[in-house]
Each structure stands twice: as structure tokens, then as C-alpha cells.
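Q: Before I use a model of this kind in my own calculations, I would like to learn how its features should be read. Could you take me through them in turn?

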Amino acid sequence: MTIDTEHPYLEIQGRHSLKGEVKISGAKNAALVIMAGALLCSDECQISNVPALADIERMSQILSALGVQVRRTGDRLEIDGRDLQQAQAPYDLVSQLRASFFAIGPILARLGEAKVPLPGGCAIGARPVDLHVRGLQSMGADVLIDGGMVHARVKGNGRLKGANIYLDYPSVGATETLMMAATLAFGETILGNAAQEPEVIDLANFCVSMGAKIRGAGTNTIVIEGVSRLHSTDYSIIPDRIEAGTLLIAGAITRSEISLYPVIPSHLASVIAKLHEIGPEVVEDGPNRLRIIPRDLKATDIETLPYPGFPTDMQAQFMALLTLTEGSSVVNETVFENRLRHVAELKRLGADIKVKGNVALVRGVPFLSGAPVMATDLRASAALVVAGLAARGTTIVQGLHHLDRGYDNLEGKLRALGANLRRVDPLALELATLT
């Protein structure tokens, strides 16, 4: 593979031990949906522990295009939704960011009408919006999908009505969209077979802090009693469990002992259990601190499932670890149909992996060797970085726009732990030589 000389890449010198502690940023998937949830408030919201990510910046641009004032200071966002009047979200921005589609629920609840393009993001699966649409229809909205745009309008007095909604699949996005819409609906909404992810709970807690009446978040049945308006709040985002899990893998694959904080250990239960099966120990050094202790690596099987099962967002990183275990492992991806595209890139590093459908057979090899690789999506980019940390020689990871969407300065955090890696911007280097 040739190296793209027009875009930044990571250059990793592998097989360096890591040591020390690393601070975990706020949760990307919670921050994005809570930013959308701020549209429910006809006042100003303060949100802290917001990670510095390309996706956060894109969501800020979407909110601004809707007439909402967004100001950032450090890790804090001030979102003032008093002047929300624009019901149509910009196509060019929403089409790049899956999470921005969730804004349809708050916009519809506030204005009685919403026009939101079909979502974009990583190309890891179909991720249809039919569950969102059917739920909004149950709450009294007319919904038309035409020309890549979802147009929803509330009949009658412009206020959604509570409904009993059962989701065919515990979709995180549908659960969040409908829960937000229901906060300002007339009457009670019951969401059955709801997603139970920590980010859903964080969104519910955020809405409750604004005066919403929600109970059952974190279980498969969420009950929302609609209120007429929500008030301002000051809210802090939970730590990112996927960033924490990725850094635990970085410790395991480099046979290094590192500490992570702040974390909520219960959010990482399935990840910690699977690491124990493979060999490394994960110990709690305090209520919000974890330490990984390296051990010999043994093969194990993984099946991705909705929370509290093993997270699909950790599948690629664990596959990188499994390439170096003793024995053979089976990885079954059940959540997204296109989430094994990183296999070809891991094989460039010397991994022994065979794929049939959504199942991968991973045979452990003695070592990986550095090579140029291309990130295919967000979590694949993290998997290639941690694989590069363990590989002999130099690994070049390209496609960093994926990494920047979901990890707040991952290379800086790894470098502080002792990793030998640097970001190279060929165009900047070329410009420097010309001046």
C-alpha cells in the first residue's frame, strides 16, 4: 500500500512498553445526543466534560444552523436554544454525522415540525431509521421520507401525544430520539424493549436535570410523563467507556501496566470480563480508577450484543489483541453487518484471520510486523493504532479523520504513557520547506 501524501497519518514505532496513568475524556456518544437534547430547552444549558472531537464540532455547527447559540470554553459548552425557529437541519452536515439525526425528536417536540436528512457517519451498516419513524408516528406525527429528507409534522395543536411504543430491536438511536420527543409530549409514553446503554441513562439524567419526568432508563422499559417545558441546567457528561476500553487493550497488547481515570467500572463489565478470559487482570484501585496488569494472552470467543452484552464498538480493538493470543478465537459481529472491514488491514500487519459472513476466525501469531494500513471506520482506526503499538517496526495508520471523530487526542495520551508515535502532516511539512 502506498502512503497518501496529502492527508495526515500516524507513524508508530512498535513494541515500546507503556507506563503511568491516563485521563479518560467525556463520552462521545453521550455528548452528541445530549447536545441534541439541549434543543428541548427554551433556555440556556451548560454541559461540561465534553470531548474535543470532530463530531462534536460538527454537531455544534448543526445546532448553530438551527438558530441555536453554541459557545465552547475548554471542555464546557453553553447551548442557548431560546431562538430555535429553524425546523430544517442542513443536509451537508447531517449527512456526515449519524448522531445528528437524533435532533428530529427535540425539534419536532419544540416546533411541531422537523425536516432532517437521513443520517451519515461510518459506513458500518444500514442503520435504518424506521424505528424512529414508527415511534414518532405513534405519537401523532405525520412522517414523509422524500429525496433523502425526513419531514415530520405534528397534527392538531402541534404537540406530540404520549404513546405505548415497543421497539422491534433495542436501538440506542431510536430509544434516545423517542425519549427526547416524549419529554414534551402530552401524556405518558412507554418505551418497551428500550436500549439500556449507559449513554441512554446519561441522556435521561440530563433531561431530568432540566425538569423532565423519566423513570426506568437503564432497563428495557422507560416511562416518560410529558411536561410543558424544560428549564436550564448545568450537567457533566459521563466518562467514555469505549475510550477506556481501547486504552485497556493498549495496555494488554503491549504487556504494560497502566491506570485509567475517571471511569465507571460497571459500564465496562463485559469488557473487563472478556479481558480476564484472555489473561490480563483489571483491578479497581478506587471507585473511578482501573489498572490493567499484563498476563500471557489466551484465545477466547466474542459475540457482540446490545448492552449489557459485549459492545460492538470494542470488537475491532479486541480482534487486534486476539491476533497475538495463544490459540484460535471466533469473533461473531451481530450488530452491524459491515463491521469486519478492518480484518484486511490487520492481515497487512501479519494477522491470521479468515472471515465468513459476519464471523471471523482469528488464529494467534507470534508477532505482528509494521506496515502501512488504512482505517475504514472509527473503531477500526483505534484497532490499527493498538495493533501498531505491538507490531515490530513501523506502522503507518492512514485515514485519521475516522480517529479524530471519536477519540480526544488519543496519540497524545499514548505518547504520555511512553508510546513512540507521531502525527505527520505531509502538506504542512511541504509548506514548511517552501517558506
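A: What follows is a dialogue on confidence, cysteines, a histidine and a sheet.

A: This is a predicted model, in which local features need pLDDT of at least 70 and side-chain atom pairs count only at pLDDT 80 or more, while totals for chains, interfaces and linings use all residues. Residues are numbered from 1 along each chain as its sequence is written, and side-chain values use heavy atoms, with hydrogens and water left out.

Q: What is the mean pLDDT of the chain?

A: pLDDT is the predictor's confidence in each residue, from 0 to 100. The chain has a mean of 93, and 96% of its residues reach 70 or more. Over residues 121-127, however, the pLDDT is below 50, although this stretch has 23 contacts in the model (heavy atoms within 4.5 Å) beyond near neighbours in sequence. Where pLDDT is low, the predicted coordinates should not be read in detail.

Q: How many disulfides are there?

A: A disulfide is a pair of cysteine sulfur atoms within 2.5 Å, and by this rule the count comes to zero. For cysteine 45, the nearest cysteine sulfur is that of cysteine 41, at 3.8 Å.

Q: Is cysteine 207 buried or exposed?

A: Buried means under 20% relative accessible area and exposed over 50%, with partly exposed in between, for a 1.4 Å probe and protein chains only. Cysteine 207 counts as buried because its relative accessibility is 0%, and cysteine 45, at 0%, counts as buried too.

Q: Where is histidine 132 placed?

A: Helices (H or I, at least four residues) and strands (E, at least two) are DSSP runs, numbered from the N terminus. Histidine 132 lies in helix α5, residues 130-138, and is buried, with a relative accessible area of 1%. Leaving aside neighbours within four places in sequence, histidine 132 is in contact with residues including Arg98, Phe101, Ser171 and Ala174, and its side chain reaches the backbone nitrogen of alanine 174 at 3.3 Å.

Q: Which order do the strands of the open sheet have?

A: Strands of a sheet pair through backbone hydrogen bonds, either parallel or antiparallel. Here two strands pair if DSSP finds at least two bridges between them, and the three strands have the order β6-β8-β7, with antiparallel pairing. The edge strands are β6 (113-117) and β7 (141-146), each pairing on one side only. Five bridges join β6 to β8 (residues 149-154), and proline 117 has methionine 149 of β8 as its bridge partner.

Key: A polar contact is a pair of N or O atoms within 3.5 Å; within protein, one must be able to donate a hydrogen and the other to accept it, and residues adjacent in sequence count only if both atoms are side-chain atoms.
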